[in-house]
Amino acid sequence: MSASPSSIDPAVARDLLARAREVRANAYAPYSRFQVGAALLAADGRVFTGCNVENASYGLANCAERVAIGKAVSEGAREFAAIAVTGPRDAVPTAPCGACRQVLYEFGPDMPLVIPSDNADGYEVTSVAALLPGAFGPAALVAGQGVR
Ligand code: THU
């Protein structure tokens, strides 16, 4: 069963956020100047990080979350326990963009999603499913098969 958003160990949340902040420093964001970092915890304990990678052809920018997912899946990880995402400022919440919500939904709709906050904990926890109500996912594709 997937973890509920509130079930993440605070130490794990803080560690993932720290890893996301660390990798954020590698962001290639000369156009937006908006640096993003993500740290994705796989079920087997491995952590896959990602930063945004922009391009002179602006529309080809890769978001941090999708870089992390791509790294993880290409290394054989498909089950995830949690993800942390941070934008440029440590106390300002940066929720994943719509495209990243869709991609994260594929692999971990209910995994805890940790984002920075100015609250006492320094972070808040939600889930992709909460941020993408009525999502189109693998189940919807199966349910729709056979319609021509
Ligand atoms: N960005 C991410 O990396 N993740 C998100 O979920 C939001 C946006 C990046 C894309 C672009 O490089 C910069 O932030 C500004 O949009």
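I take a pocket, on a 1 Å grid over the protein atoms alone, to be an open set of points where a 1.4 Å probe fits, with protein on both sides within 12 Å along at least five of seven lines; lining residues have an atom within 4 Å of a point. A molecule sits in one if more than half of its atoms lie within 2 Å of its grid points.

I note that this is a predicted model, with local features needing pLDDT of at least 70 and side-chain atom pairs pLDDT 80 or more, while totals for linings use all residues. Numbering runs from 1 along each chain, and side-chain values use heavy atoms, without hydrogens and water.

I looked up where the ligand is: it takes the space of the largest pocket. I read about 160 Å³ there, as the space filled by probe spheres set on the points.

I checked the lining, and found Phe 34, Asn 52, Ala 64 and Cys 97 among the residues.

Next I listed the ligand's neighbours (a heavy atom within 4 Å), including Ser 32, Glu 54 and Pro 96.

I then went through polar contacts (N or O pairs within 3.5 Å). Ligand oxygen atoms lie 2.9 Å from a polar side-chain atom of Asn 52, 2.9 Å from a backbone N or O atom of Ala 64, and 2.8 Å from a polar backbone atom of Cys 97.

Definitions and conventions
Polar contact = N/O pair within 3.5 Å; in protein donor to acceptor, adjacent residues only side chain to side chain.
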